[in-house]
Amino acid sequence: MDMQRDGITPNAGRLLWAGFFAILAAGIGFSIRAGLVGTWRGEFGFSDTDLGGITSAGFPGFCFGIIAGGLVCDRLGYRLLILAAFAMHVVSAVMTFAVGKDNALGMLWWSTFVFGLANGTLEAVANPLVATLFPQRRTHYLNILHASWPAGLVIGGLIVLALGDSVGWRLQLALFLVPTLFYGALFFGQAMPRSEATRSGLSFGAMFKDVGIAGALVICLLLSQFFAGSLKLPETLSYGIAGALLVGVGVATKFSPGSWLLFTLFVLHLLIGAVELGTDSWIGGITGNLLTPDQGQILFVFTSAVMFGLRFCAGAIERMGLSPVGILFVSAAMAFVGLNLTAGIESFGMALLALTVYAIGKTFFWPTMLAVASDRFPRTGAVAISLMGGIGMLSAGIVGGPGLGYAKDRFAGEELLQADAAVHAKFVAEQPSQWLVFPEVRGLDGKKRAEVQKRLDDTRKELAKAGVTDAKEALGKLSDEDRKVVLASIEADRRTLRVDAFIPATMAVMFLLLALWFRSKGGYRVLRIGKDGQVEDAPAGGGH
């Protein structure tokens, strides 16, 4: 890998690694939050829907950061956005230390939101920057850039495993500031290239033309749900704001309908955000419930390590003859199989196999989608890939994380009610859980569920001292009441994963259809902006 040869500027390598550390900080913070779910449930008595909302709050924050940043970075340049993101990272850490008993739910939500806002602003810089720096090998270098995300998940997971209860959770969350200092130092004083669209002198309306009404409709629908759900604005106002934004895009683009292909990519990235990031926010807790909490955290670190290694291999896979769309089809199929296998795990060995398949499947989703949008829509500059990232993150925050939390609550309540109505009446949550247009359901009381989990963990520790490590042995020593609660929760997690698997199944069908369409047109090709401002095929060697 010769970055100096592949890049268009002498400092291309340094800027790539600056972006790498920026996304690394995001991954570390996300991973630590995912590992603290059980701690927060026990300390504050949150329900699974509450916890899903907290861990997913960074996704809509990211969405606003990457969309706003993507819209202005071609005009304002990257430097101002980097300074703003650095400041927001520091503010989010300060807010974390201000969390108390009376403000826990709100303060944790807002600190995570601001953290996500900083991450999104940085990715609005990093994605178009790397796509511009390495125009001939975008899939390869965008996957390297985003290898930092699973690297951050590994580091964050190891932090939670190593520190446990010996260090307060507030201090653990603040450790993402270490890579924050690194990216600040690497970006400082560096000259930044301009995107192909900016160099061609395209107007903002021209950059938005391929997005058009159809593409804007996807994100405006998600924004309306965010305004009504997360911000608790009246539905009429929420849809009114989203509608006004849609009209604004129409005026800016002279009511261009947009590209059907870019619209399809936006819908696909909505599904990717839900299945990849939404599942990541829960997978450690789910596998920890199916096995043991420590094993769940180890598996989370393991799958992230698999992703980290594989993202350096995207270029080699392309050279084997598989197009980016072909890579995405295979990935979606493997993610579907992996989630279904994970739903049936009974041992740590089975979990390693199942989660390896799932990890391989989700590895190439995000960066390869950004590469496809950059390859096929050069006129959009930073706009299309920033909107795509925003759609993915907003989907994770609205559909993925909260949706899986809702499913867990629903299925746990149903399973326990079916097992024992009296126990269900004792453990059912006082407040109902509700998500999007789905009906209200009652899951299990978070604090009572945490007390059962503590008794189970204490039993496991006692058995471990006697040399017994079989998780089923510990379950058998619980009271009948506690055992029914645990079994209901386990079965709910299995059902949740099986429902989740329908998302990559849908994606696989859509990617297959796209691959067949590209084949009918002579194959996947990279496009560029010609001297006359029109889009044309890139010269040989400039594509995949």
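This is a short chat about a predicted protein model.

Trainee: What does the pLDDT of the protein chain average?
Mentor: The average is 85. In this predicted model, 94% of the residues score at least 70.

Trainee: New topic: H24. How many residues does it have?
Mentor: Helix H24 has 20, running over residues 446–465. From first C-alpha to last, H24 reaches 29 Å. That is close to the 28 Å expected at 1.5 Å a residue.

Trainee: What caps its N-terminal end?
Mentor: Asp445 does. A side-chain oxygen of Asp445 lies 3.1 Å from the backbone nitrogen of Lys447.

Trainee: Which residues of H24 are buried?
Mentor: Among them are Gly446, Ala450, Val452, Leu456 and Leu463. The buried set also includes Arg449, Gln453, Thr459 and Arg460.

Trainee: Switching to H14 and H22. At roughly what angle do their axes cross?
Mentor: Roughly 35°, and the axes come within 10 Å. H14 covers residues 212–229, and H22 covers residues 383–419.

Trainee: Left-handed or right-handed?
Mentor: The crossing of H14 and H22 is left-handed.

Trainee: Which residues make the contact?
Mentor: From H14, Val218, Ile219, Leu222, Leu223, Gln225 and Phe226. From H22, Leu387, Ile391, Leu394, Ser395 and Ile398.

Trainee: Let's stay in H14. Is Ala216 buried or exposed?
Mentor: Ala216 lies in H14. Ala216 counts as buried because its relative accessible area is 3%, and buried means under 20%.

Trainee: What does Ala216 touch?
Mentor: Val211, Leu246 and Val249, leaving out residues up to four places away in sequence.

Trainee: How far apart in space are Ala216 and Leu322?
Mentor: They are 30 Å apart, C-alpha to C-alpha. In sequence, 106 residues separate Ala216 and Leu322.

Trainee: Now Ala425. Where is it found?
Mentor: In helix H23, residues 421–427.

Trainee: Buried or exposed?
Mentor: Exposed. The relative accessible area of Ala425 is 56%, and the cut-off for exposed is over 50%.

Trainee: What separates Ala425 from Leu444?
Mentor: Along the chain they are 19 residues apart. The C-alpha atoms of Ala425 and Leu444 are separated by 9.6 Å.

Notes
Residues are numbered from 1 along each chain as its sequence is written. This is a predicted model: local features need pLDDT of at least 70, side-chain atom pairs count only at pLDDT 80 or more; totals for chains, interfaces and linings use all residues. Side-chain values use heavy atoms; hydrogens and water are left out. pLDDT is the predictor's confidence in each residue, from 0 to 100. Helices (H or I, at least four residues) and strands (E, at least two) are DSSP runs, numbered from the N terminus. The expected span of a helix is 1.5 Å times one less than its number of residues. Buried means under 20% relative accessible area, exposed over 50%, partly exposed in between (1.4 Å probe, protein chains only). A polar contact is a pair of N or O atoms within 3.5 Å; within protein, one must be able to donate a hydrogen and the other to accept it, and residues adjacent in sequence count only if both atoms are side-chain atoms. Axes are lines fitted to C-alpha atoms, for helices over the stretch in contact, and angles run from 0 to 180 degrees between N-to-C directions. A crossing is left-handed if the near helix is turned anticlockwise from the far one by less than a right angle, and right-handed if clockwise. Contact means heavy atoms within 4.5 Å.
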